[in-house]
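Subject: Structure handover

Hello,

Here is the structure I promised to pass on. Please open it first, then read my notes.

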Amino acid sequence: MDLSGAEWMSSSRGLGDVQIAFVEGFIAMRNSDRPESPSLIFTPAEWGAFVSGAREGEFDLT
């Protein structure tokens with residue numbers, strides 16, 4: 001997937017290290033400190049499950 005033209009947004013109002021972009025019906029996530037590093041690509045269903053798990057404390061996003 002070509003992410004070169006993606007519009008990246010901070011996932012936490014500028015306070016976190018993660019950025020997300022919506023591209024071709026998918027959600028891409030990358031480390032804002034290392035934007036050249038590989039991005040994770042989620043389908044909408046996968047993204048929903050990831051966010052739900054994060055809210056329940058399943059993932060340490062710090």
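Below are the notes on the whole chain, then on two residues.

This is a predicted model: local features need pLDDT of at least 70, side-chain atom pairs count only at pLDDT 80 or more, and totals for chains, interfaces and linings use all residues. Residues are numbered from 1 along each chain as its sequence is written, and side-chain values use heavy atoms, without hydrogens or water.

The protein chain has 4 strands and 1 helix (DSSP runs: E of at least two residues for strands, H or I of at least four for helices, numbered from the N terminus). Their order along the sequence is β-β-β-β-α. Of the 62 residues, 27% are buried (under 20% relative accessible area; exposed is over 50%, partly exposed in between; 1.4 Å probe, protein chains only).

Strand S3 covers residues 26–31 and includes Phe26. Phe26 counts as partly exposed because its relative accessibility is 31%.

Arg30 is also in strand S3. Arg30 is buried and has no salt bridge (a side-chain nitrogen of Lys or Arg within 4 Å of a carboxyl oxygen of Asp or Glu). Glu36 is the nearest side chain of opposite charge, 7.9 Å away (Lys and Arg count as positive, Asp and Glu as negative; His and the chain ends are not counted). Leaving out residues up to four places away in sequence, Arg30 touches Trp8, Asp17, Val18, Gln19, Pro35 and Ser39 (heavy atoms within 4.5 Å).

Best wishes
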